[in-house]
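Subject: Handing over a structure

Hello,

I am passing this structure on to you. Please have a look at it first, then read my notes below.

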Amino acid sequence: MIRLSNVSWRRERKASTPVLSNLSFSVPQGGFRWLLGPSGAGKTSLLSLLHVENLPSDGTLCLLDKDVTAHTPRAVLVRLRQRIGMVHQDFRLMPDLSVADNVALPLRLQHRPEDKITDEVHAILKWVGLGNQLNVRASRLSGGEQQRTAIARAIVHRPGLILADEPTNALEEPQAHKLLDMFSELSSMGTTVIVATHNEALVRRLPRPALTLERGRLVQDGA
Amino acid sequence: MEPKPWPFPFRPKDGLSLSEALPDRSLFILVAMMSFLAALTLTGATGARTLSTRWAGGAAQLLTIQVSEPDQPLSGASKSDKTASQSRAEIVQADLATLPAGTQVHRLTQEELARLLTPWLGDAGKTALPLPAVIEVRLAEGHEAPADLEQTLNAHVPGTVVEHNAEWSSRLRALAESLMACAALALVTVGGIATMITALATRAGLSTRRDIIEILHGLGATDSYIAGRFASRTGGLALGGGLLGTLLAMAPLLLLFRMAAPFAASTLQAATPAMPDWRTLPDLLPGDMLAGLAALPCVAAFIGWTTTQIMVRIWLRRMP
C-alpha cells in the first residue's frame with residue numbers, strides 16, 4: 001500500500017520551487033501503475049521519494065504501512081528499503097562485481113543463507129537470460145545485459161514494492177514484453193509495481209492505471 | 001564456456017573494494033611511524049617513573065658520609081683519651097652506631113670504592129690521590145637522620161662531610177615527574193595525530209566510493225554494515241602499522257635501557273658502571289613497560305577502528 005497526501009519535495013531545504021508539488025494519490029497492495037510524463041516532469045524524483053532515497057519536505061507519505069517522515073528512525077527506513085526493489089535508469093550496478101554477486105547483494109545484505117542465495121540467484125539469472133554469464137564482471141556487459149542484471153537484482157528478494165525507471169530502454173522488444181508479463185504476474189501475486197516510461201507502445205500493450213506528472217504536479221490519476 | 005564455480009567464499013562481494021579505496025601504504029606507514037614515536041615516548045615515561053620510584057624509595061633513605069684521611073688517628077687526642085687508638089673513620093662509625101635501631105652502616109671497601117671511581121679516574125686502585133672513606137648509611141623506613149648529625153660528626157672528626165641524598169632525590173623525582181608529564185602529553189599528541197590521519201584517509205576513501213555506498217544504501221545496507229566494512233579495513237591497517245612501528249622501536253629501546261641500567265641502582269654497593277649483558281637485558285625490562293608496548297598495536301587499531309566508525313556514521317547521516 002502506498003499513500004501520498006499533499007507531498008512536496010524540494011531539492012534544498014530553502015529552495016522556493018519544489019521539484020514535486022502537492023502530490024496526493026494511493027496505490028493498493030498488488031496495484032500496478034504506469035508513471036508517465038515528459039522529461040523533467042519529476043518521474044525519477046517521485047521514484048526516489050518512494051525508494052526512500054529522499055524524504056518528503058511537506059505532506060505525509062505512507063509506504064508498505066509505514067509512515068515516512070524526517071523523524072522516522074533510520075532502522076525503519078533501512079528495513080523499508082530492503083522491502084523495495086528499484087530498477088534505476090542508469091542500472092547502478094557494482095562494476096567490479098560479477099553478475100551473480102551483483103544480483104546476490106540484496107540477499108546478502110539481509111543475511112540470507114548462502115546456499116539459498118546461490119539457488120535464488122541462479123534461478124533469476126536463468127530467467128532473465130543471463131544464466132551462462134554468472135561470473136562475468138558487470139562492467140563488461142552490454143547495456144541490455146546490464147539492464148537485465150539490474151532487473152534481476154530488483155526482484156530477487158521478492159520485494160513488496162517494485163519501482164522501475166525506464167526499465168525497457170535497453171531491451172529488445174521480446175525481452176521488454178517478457179519483463180512486462182513478469183511485472184504483471186508479480187502484481188497479481190500481491191507486489192505493488194510502479195513503472196516510469198516514455199514507451200507508449202508498452203503502455204498500450206499492458207493497459208493499467210497511469211499517474212501522469214507535469215512540472216512536478218500530478219495531472220492525471222488513472223485509478 | 002562453463003562458468004566458474006560460484007560463489008567464491010572468501011572474497012568480500014559488496015563492491016566496496018576497500019583495498020583500492022583505502023590503500024595499504026599511506027595509512028600503514030604513517031601509523032607505523034606514529035607507533036614508533038609512541039613506543040619511544042612510552043619507554044621514556046616508564047624509565048623516568050622507574051628511576052623516580054627507586055630514588056624515592058631507596059635513595060631517599062640513604063646518607064653518604066665522607067671521612068678524609070680515614071686511617072689517620074684523630075689529631076690532638078691525648079693518650080688517655082679512648083679515641084686515641086682509633087682511626088678517624090672508626091670514630092665516625094662509632095658515632096653512627098648511636099643512630100636509631102634498624103639503621104645499616106657500611107663502609108665501602110677499597111674494591112667497591114675503586115669500582116665506583118673507575119669511570120672517572122680509570123684504575124682507581126693505582127691512583128696516587130688520597131681517597132676518603134665512604135660510609136653508606138641506610139636509615140630504617142620512616143626514620144630520618146638527626147638534623148645535627150653533620151655538626152656532631154664534625155665536632156668529633158673535623159672535615160667529615162655528610163651528603164643527604166634525600167635533597168637530591170626530591171629534585172630528581174620532580175624532574176622525573178616533569179618528564180612523565182611531557183611523555184603523557186607527547187602520547188596524547190601522537191594519538192591525536194593518528195586520529196587525524198585515520199580521519200583524512202577515511203574521508204578520502206568515502207569520497208572515492210561515494211557512488212558504491214549510495215547503491216548499497218539504496219539496497220538496504222545498514223549504517224553499521226558500511227561503517228563496519230570501512231572500520232575493519234582501517235583497524236587492520238592500523239594494527240599492522242602499530243605492530244611494525246613497535247617492533248622497529250625495540251632495537252633503540254633495548255640499547256637505551258642497556259645504557260640506563262647502571263643508573264637504576266638504588267645503593268652504592270649495587271651500582272656498577274658496567275652495562276648488563278644483552279642476554280640478561282629482557283629480565284631487566286619493567287613488566288609494565290612491556291605490557292604497554294604490547295598494547296600499542298591494539299591501541300592503534302582501536303583508534304583507527306573507532307575514528308572510522310564515527311567518520312563513516314557522520315558521513316552517512318547525509319542520506320536518509
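This is a predicted model: local features need pLDDT of at least 70, side-chain atom pairs count only at pLDDT 80 or more; totals for chains, interfaces and linings use all residues.

Residues are numbered from 1 along each chain as its sequence is written, chains are lettered from A and ligands numbered from 1 in the order in which they are written, and side-chain values use heavy atoms, with hydrogens and water left out.

**Where the chains meet**

Start with the interface. On chain B, 27 residues are in contact with 31 residues of chain A. Contact means heavy atoms within 4.5 Å. The two chains bury about 2,400 Å² between them, 63% of it on carbon and sulfur atoms. Buried area here is the accessible area (1.4 Å probe) that two parts lose on being put together, summed over both.

How many salt bridges cross the interface of chain B and chain A? The rule finds 1. A salt bridge is a side-chain nitrogen of Lys or Arg within 4 Å of a carboxyl oxygen of Asp or Glu. The partners are Arg74(A) and Asp223(B), with their closest N and O atoms 2.7 Å apart. Between chain B and chain A, 7 residue pairs are in polar contact, both residues being at pLDDT 80 or more. A polar contact is a pair of N or O atoms within 3.5 Å; within protein, one must be able to donate a hydrogen and the other to accept it, and residues adjacent in sequence count only if both atoms are side-chain atoms.

Two elements of chain B give two or more residues to the side that touches chain A: helix 7 (210–218) and helix 8 (223–260). Helices (H or I, at least four residues) and strands (E, at least two) are DSSP runs, numbered from the N terminus. Helix 7 of chain B gives the largest share, 5 residues. By class, this side of chain B has 14 nonpolar, 6 polar and 7 charged residues. Ala, Val, Leu, Ile, Met, Phe, Trp, Tyr, Cys and Pro count as nonpolar, Asp, Glu, Lys and Arg as charged, and the others, Gly among them, as polar.

**Cores**

The largest nonpolar core has 41 residues. Such a core is a set of buried Ala, Val, Leu, Ile, Met, Phe, Trp, Tyr and Cys residues joined through side-chain atoms within 4.5 Å. Buried means under 20% relative accessible area, exposed over 50%, partly exposed in between (1.4 Å probe, protein chains only). Trp34(A), Val121(A), Leu125(A) and Phe183(A) touch the most other members. Helix 6 of chain A gives this core its largest share, 6 residues. Beyond its neighbours within four places in sequence, Phe183(A) is in contact with residues including Phe32(A), Ile162(A) and Val195(A). A second, separate core of 29 residues includes Ile2(A), Leu20(A), Met86(A) and Ala196(A).

**Salt bridges**

Over all chains, the structure holds 11 salt bridges. Asp96(A) pairs with Arg137(A), the closest N and O atoms being 3.8 Å apart. Asp96(A) lies in the loop between strand 6 (84–87) and helix 3 of chain A, and Arg137(A) in the loop between helix 4 and helix 5, so the pair ties together parts that are 41 residues apart in sequence. Asp96(A) is partly exposed at 28% relative accessibility, and Arg137(A) is partly exposed at 42%.

In chain B, Glu214(B) and Arg210(B) meet in a salt bridge (3.3 Å, N to O). Both lie in helix 7 of chain B, 4 residues apart, about one turn of the helix. Back in chain A, a network of salt bridges links Glu53(A), Asp90(A) and Arg92(A).

Thr308(B) sits in helix 10 (residues 287–316) of chain B. Why does Thr308(B) count as buried? Because its relative accessibility is 0%. Its side chain makes a polar contact with the side chain of Thr202(B) (3.4 Å).

Ile226(B) is in helix 8 of chain B. It counts as buried, at 0% relative accessibility. Among the contacts of Ile226(B), leaving aside neighbours within four places in sequence, are Ile213(B), Leu216(B) and Val312(B).

Best wishes
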